[in-house]
Each structure stands twice: as structure tokens, then as C-alpha cells.
Amino acid sequence: MEKFEKLTGVAAPLPQINVDTDMIIPKQFLKTINRTGLGKNLFDEMRFDDNGNEIPDFVLNKPQYRETEILIAGDNFGCGSSREHAPWAIKDFGIRCVIAPSFADIFYNNCFKNGILPIALPQEQVDILMKDAEKGSNARVTVDLENQTVTTSDGEVIAFEVDQFKKHCLLEGLDDIGLTLEKAAAIDNFEAQSQSARPWV
Amino acid sequence: MSPKTLYDKIWDAHLVHEADDGTCLLYIDRHLVHEVTSPQAFEGLRMAGRKVRKPQNTIAVPDHNVPTTPDRVNGIQNPESRIQVEALDKNAKDFGIHYYPVNDIRQGIVHIVGPEQGWTLPGMTVVCGDSHTATHGAFGALAHGIGTSEVEHVLATQTLIQTKSKNMKVEITGQLRPGVTAKDITLSVIGRTGTAGGTGYVIEYCGEAIRSLSMEGRMTVCNMAIEGGARAGLIAPDETTYAYINGRPHAPKGAQWEAAMAWWKTLYSDDDAHWDKVITIKGEEIAPVVTWGTSPEDVLAITESVPAPEDFEGGKVDAARRALDYMGLKPGQKLSEIEIDTVFIGSCTNGRIEDLRAAAEILKGKKIKDGLRAMVVPGSGLVRAQAEEEGLADIFKEAGFEWRLAGCSMCLAMNPDQLTPGERCAATSNRNFEGRQGRGGRTHLMSPQMAAAAAVTGRLTDVRDLM
């Protein structure tokens, strides 16, 4: 997995609440058997009209947000389907960090498996970042995972919380499966005990 | 011993390892797999030279992509869909996992097949790369959706890295009134809590109205726990649960059944267990409901009218404005006057035999409104066969419904069953998101009875008027 340490880049405002994973990557793009190449269809039905032409008003189509690396969004981002194609598409587009007042559980976990940092902040702080992002590409935001801070283009520093294990994995780019397999003996023990306690499983 | 919730008990029974920082390794008893969220996981195993740790506890079935028209026996036309299903055929064979291929009568929606075959049992941990895995919570199993990276993790290790959720109790007291169903319960709860109300929680549904539900109704309730944002929904097992499980192909038998029952009977929340959040709703106050917007929280009784954006606060004002525009609705319009184009009965929420019976009961001797498109997609081949045996298929066909083969179908429209832009659908599925049933399609969620009533009148309808 690609590491996430520190990122300075363009932040795009998407103030909508309840952005679901069907919006992030519609189902017609789930037929792939690969993890890559989904960025061109990120937010497909919001980004393109019925004829495949760009909808100029959509934030990521605006010239100043084409290089977006940080997305500032509304409450309950990533709700709905468990499709990991959503973070795959976000990452493939070039976005490495999403900041919102809250995230749906499965999407939040999926981000960490793909080198994306989701940051949940109180609404007032998201509002500050949203205003900053609305300034366009001159307003570059910095996200520092090690120090758990987001810094606005005006230099205002906002601290955020993150699970320490998830932080460690993201900073080091660690593979979860490899880490778990280091505990193979514990899994063997559990299975042996379980076999006698719940033999019907 | 300190009192525990049902969730606490299942969690504790599956804890393999707990690190100092609270990160836990949780053992997974059943892993269900479908064709859309698994190809990259199997590919990951191959690249790392890993095997499936417990192939005997891993069950696969194609459901999302499969066409539901009879010609599917000749193969899947869409090349991408075909490749995904063929990939699952190959992965199931290569890794030696249980498999129900497209043309097996036991094929169907993964969350209908699992319980039907007796794979889902009380006290288990059940995962699947699909958010509606919450369905299996109806058996008192801790069941939730996972992403593809986690699918690979479970395939390789039979565990998941987890942090524990908080406990929420949702109590539905008393009894439901006629015409009110499990679907109305689960939608009403989401209407009350919002789609993020359950975030960070595992919900246990309890109360007399829940106890009175059949297993199928309980599955409908738990299925939509995810639409309320919860990691999982749970209902403690009881005699209804045991009666449903007993005799199913993969249910325990003989001495194992007795041993299992002894443990299952300990699976309930202790009286003085701690709840982080409690919600109580009177069963008698729940009405037949429909959704008006593009979020499952946009729920109103069928007797009400379309709301105005100003009726809401915060980010919901803009969201409601956007939803009304997308849905082509005006504030103040009576819900029961909204005309529909299409009716879809099916999905992991409402594609079981009792759902079809309930819809057929309304449709018996009636025709669907002229010009309407209506389809029934049974949740599995076995549900379909049973419905044919009971004469339900004839009722649907005589009323004017298309009688399809099993699959996810128009719930998410990955197969050819899709809405066209502006097409308005009365659906028994679980999501009314923009574009969910097809780009520009407009979805109103409701119970099978309500969908059948809408099919007869051609508009959203209070089923009680037809009873």
C-alpha cells in the first residue's frame, strides 16, 4: 500500500451531505476485475451529462480544481454500498484525503486499505476548510498525518483524531494481511478451541 | 460477571487477539462471496501465493450481474458481466469453496441463499463484500459488509481487524396495525434516526413487535440497518429462529443441534446491560410508509404530502431541494397522488417467499394499471419454485407482472433490468439514491404490499384502501 505521510495540495469543496458510494462510482463501472482505471469515472453522473460531456458546474470540472488532492465534503460521506471501487476511484483520480463531519463506517475503513486518509472533524472546522477550499487552487491545504493536523492556506492549524493502529499502517504503508499472519499461532489456537466449543460451525 | 449485550457476547466469543491500543482480531465463521466485490481479492491471493484458509466456511454465488430473463441459460450477453461471473466460477473452483452457479436452482441473492441453505446460524460472525450482509443479523449473528481488501483479508486469515462498535437498542413495542410490515418498521426507524444515526453502533432490535415477526420479516428489518448507518443489526434468537433453521441443508443435526441449541439459548442481552443509545417506537404508531427523496431517511406515511426544503435544517435543506428536483416532485403534493411508471418486487430486502405471498394477496384477481411495467424477481431459485408451486406466479402473471429468474436485478441495476431517465418506480428494494436503479431513475421505497397496491392503481397508494 502507498504510504500517507504529509500532503499539500488543492482542496475542493463538495458541501453536499450523504454523498453515497453510488454517486462516487456508479454501478456500471463495478464490472471491472481490476482496482485501477476508475478515476475517469469518479462522480460520473455528477461530472458528465447523458452524452458524456463534462458538466461545467461540477466542482472537479472547474479549472482550479482539476488537480484536487483533498476533498472537503458534507456529513455522512461514503454512505451506502460497501464497494471498495469508491476509494479506488478517488485514489485513481488523485485524491488522497477526504475531510467531512462524518463518514459511513465501511467507506471509512476502505480508505485506510488504499492509502487514503479520511478525516472526521466537527462541522465548524469543516466549515472553515470548506471556505478555504472555495478560494480555488491558490488555497493549498496541508495534511500532516504524523502530527495529526490540517493547515489552511491562511495558516490556521486544526488538529484531528485518528485510530493509532490505522495511522501506523498508513504512515508505513503496511499490508494488513501480512500483519495478521504474524498472529497465525493465535488464529490456530482460536480455531482449535472453537472446534471443541462450537463444533457445528 | 458484568452484564453484556448480545453484541458483547458474540464479540467476546470471536476475539482472537486484542492489542494494547484496543485493535482486535475477530474470527469470522462464515464468509459469503459474490462476483462484483471478489475478483480483485482472489487475484491478490494468487499474487501473494496464498490459499483460502477455510474454504469449507466460504460460500459463493453470482447475483449482482446475472440477467433475470429466461434466456440466461444460454449465457450472459454483456461481456463485462460475463467475465465477472466466469471469474467467480473459476475462483470458486481453484480455491475449493462452496459454489452455487448461475443455473443451479439454489442460486439467488447471496443474503437469501445463506439463510435458506442453513449457512447462517445464531451467534456466528458473518461477513460479505456487500453492505446488506446486515440481513443475517436476524438470526442473532454478527453480520456486516466489508470492502474488497477485507474480503481478501478474510479469505487469507479467516479474521478481520476490528474496533468494537457501541451498543444501540431499538425497541418496537406493542403490535403492528393491519397493512404495516417489517419494511415499514425498518424505514420508520431510519426516518427517525437518519442515515447516519447508527454510525458507530451495532443495533439490536427488540420489543414485542419484533418478537412477533417471522424470520423473513426480521431479515427485512436487519437488512436495512446499514441504511441507518449501523455496522450491523441484530435480533436475539428464539423459537421462531430455531424453527426456521432446523432441517436446513447446512444446519447442525443430532447431537450437534442439541449442543448448538444449548449455546444459542444464552444469546440475549442481559437485563442490566449497558446501552449507549436507546430508541423506542410504538408499533401501533407505525403507518405504511414510502420514501419521497433520494436518501432512505426521506420517509413519510403514505397519507402525508411531499415536504418543502424549508421544513429541514442545516445541510438537509440543500439536500432536500436537490432531491425534489431529481425526483420531479413539488412540496405539498400528496404522496398518494404521485403516478408511477414501474413496479419492482424483489431484492435481498423483500425477495423472500412471504414477501411474494403478501404482494400476491393484494394482486389476486386484479390487473396492473394499463401501461405500467411491473416485474417480480424472486430472491432465489428455490423461492421461485415455491412461489410457482403455491400458485403465486400465476397470480403475478395474470395481473400483468413479468415473472423473472433470481438475482439482485433492478435493486442496483447492474444487469439489464434498469430504469430510464425520469422513469418512476415503486420498489421493494433498499436504496433510493440518485441513479441507483438506472441513470435518472426515480425510486420510491416501500413494502411488497404497498408496491402491489401501487401496481394496481398506477400511483403510490395506501394499501389499506385495497384490503
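Visitor: Let's start with strand β6 (residues 125-128) of chain B: which way do B:Thr125 and B:Val127 point, and are they buried or exposed?

Guide: B:Thr125 and B:Val127 point one way from β6(B), B:Val126 and B:Cys128 point the other way, and all are buried. "Buried" requires 20 or more other C-beta atoms within 10 Å of the residue's own, "exposed" means 12 or fewer, and "partly exposed" is in between, with C-beta atoms placed from the backbone. In a regular strand, side chains alternate between the two faces of the sheet.

Guide: A word on ground rules: this is a predicted model, where local features need pLDDT of at least 70, side-chain atom pairs count only at pLDDT 80 or more, and totals for chains, interfaces and linings use all residues. Residues are numbered from 1 along each chain as its sequence is written, while chains are lettered from A and ligands numbered from 1 in the order in which they are written.

Visitor: What makes β6(B) and strand β7 (residues 142-145) of chain B a pair?

Guide: Strands are DSSP runs of E with at least two residues, helices are runs of H or I with at least four, and both are numbered from the N terminus. Two strands pair if DSSP finds at least two bridges between them. β6(B) and β7(B) have four, in the parallel sense, so they qualify. B:Thr125 stands opposite B:Leu142 in β7(B).

Visitor: How many bridges are there between strand β3 (residues 30-33) of chain B and β6(B)?

Guide: Three, again in the parallel sense. B:His31 stands opposite B:Val127, and B:Leu32 has B:Cys128 as its bridge partner in β6(B). β3(B) also runs parallel to strand β4 (residues 58-60) of chain B, joined by three bridges, and there the partner of B:Leu32 is B:Ile59.

Visitor: What makes you say both faces of β3(B) are covered?

Guide: B:Arg30 and B:Leu32 on one side, and B:His31 and B:Val33 on the other, are all buried.

Visitor: Which residues of helix α2 (residues 39-48) of chain B are buried, and what covers them?

Guide: B:Pro39, B:Gln40, B:Ala41, B:Phe42 and B:Gly44 are buried. Their cover includes α3 (79-95) and α5 (148-157) of chain B. Just after α2(B), B:Gly49 takes a positive phi of about 65 degrees.

Visitor: What is the strand order in the open sheet of four strands in chain B?

Guide: The order is β11-β10-β9-β12, with parallel pairing. β11 (232-234) and β12 (277-282) of chain B are the edge strands, since each pairs on one side only. Direction ignored, neighbouring strands of this sheet are turned by 20 degrees against each other on average.

Guide: Strand β10 (residues 201-206) of chain B and β11(B) share three bridges, with B:Val202 partnered by B:Ala232. Helix α1 (residues 6-13) of chain B lies across β9 (166-173), β10 and β11 of chain B, at about 125 degrees to β10(B). Such angles run from 0 to 180 degrees between N-to-C directions, using axes fitted to C-alpha atoms, for helices over the stretch in contact.

Visitor: How many residues of chain B are in contact with chain A?

Guide: A contact means two C-beta atoms, placed from the backbone, within 7 Å. On that test, 58 residues of chain B are in contact with 46 residues of chain A. The largest share of chain B's side, six residues, comes from α5(B).

Visitor: Which residues have the most contacts inside the largest nonpolar core?

Guide: A core is a set of buried Ala, Val, Leu, Ile, Met, Phe, Trp, Tyr and Cys residues joined through C-beta atoms within 7 Å. The largest has 204 residues, and those with the most contacts inside include A:Ile72, A:Ile99 and B:Val343. Not counting residues up to four places away in sequence, B:Val343 touches B:Leu372, B:Ala374 and B:Cys425, among others.

Visitor: Why does α8 of chain A count as lying largely in the open?

Guide: Of its 14 residues, the number buried is one, so α8(A) lies largely in the open.

Visitor: How do you know what α8(A) (residues 184-197) should span?

Guide: The expected span is 1.5 Å times one less than the number of residues. That gives 20 Å for α8(A), and its end C-alpha atoms are 20 Å apart, which agrees. As for the rest of chain A, there are eight helices and seven strands in total, and 47% of its 201 residues count as buried.
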